[in-house]
Amino acid sequence: MTLSPLATQHCQPRKGSDHALDRAAIDGHLAHLPGWTVSADGKAIVKDFRFPDFHHTLGFINAVGFMANQEDHHPDLEAGYGHCQVLWSTHDVGGLSLNDFICAARVEALLDR
């Protein structure tokens, strides 16, 4: 996997609907993020990551949490044995902003093998 240019960027404060991305921009960014999809309501991107056991799942959660704190942009996480679903949205814009795609790319970079 090649590191997405999005993963080299950092989150910026984004407030107000003028920072919400339109569908064309969303689709363009998704093209660089394999396995990520738009939620049913169109206000988030989501991906379920699979791991061999709970120990690896927790390691992933901790790594995502560390990165999210550094970027000051935090996902919703749902975890179970061997998987973690990550959901990014920007509440301050009422949908998706560039920050969501930057953080999704950074999550992918954590797992770049």
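In which helix is Arg106 found? Arg106 sits in helix α3, residues 98-111 (helices are DSSP runs of H or I with at least four residues, strands are E runs of at least two, and both are numbered from the N terminus). Keep in mind that this is a predicted model, where local features need pLDDT of at least 70, side-chain atom pairs count only at pLDDT 80 or more, and totals for chains, interfaces and linings use all residues. Residues are numbered from 1 along each chain as its sequence is written, and side-chain values use heavy atoms, leaving out hydrogens and water.

**Arg106**

- Arg106 has a relative accessible area of 17%, so it counts as buried (under 20%, with over 50% exposed and partly exposed in between, using a 1.4 Å probe and protein chains only).
- Leaving aside residues up to four places away in sequence, Arg106 touches Ala7, Thr8, Gln9, His10, Met67 and Glu71 (contact means heavy atoms within 4.5 Å).

**Aromatic rings**

- There are three aromatic pairs (rings of Phe, Tyr and Trp, the last by its six-membered ring, pair if their centres lie within 6.5 Å; planes under 30 degrees apart are stacked, over 60 edge-to-face, and the rest tilted).
- One of them is the edge-to-face pair of Trp36 and Phe49, at 5.8 Å centre to centre and 70 degrees between the planes.
- This pair links distant parts of the chain, 13 residues apart: Trp36 is in the loop between α1 (23-30) and β1 (37-38), and Phe49 is in strand β2 (residues 45-50).
- Phe51 and Phe60 form a tilted pair, with 4.9 Å between centres and 40 degrees between the planes.
- Trp36 and Phe49 are both buried, and so are Phe51 and Phe60.
- Ring pairs join Trp36, Phe49, Phe51 and Phe60 into a cluster.
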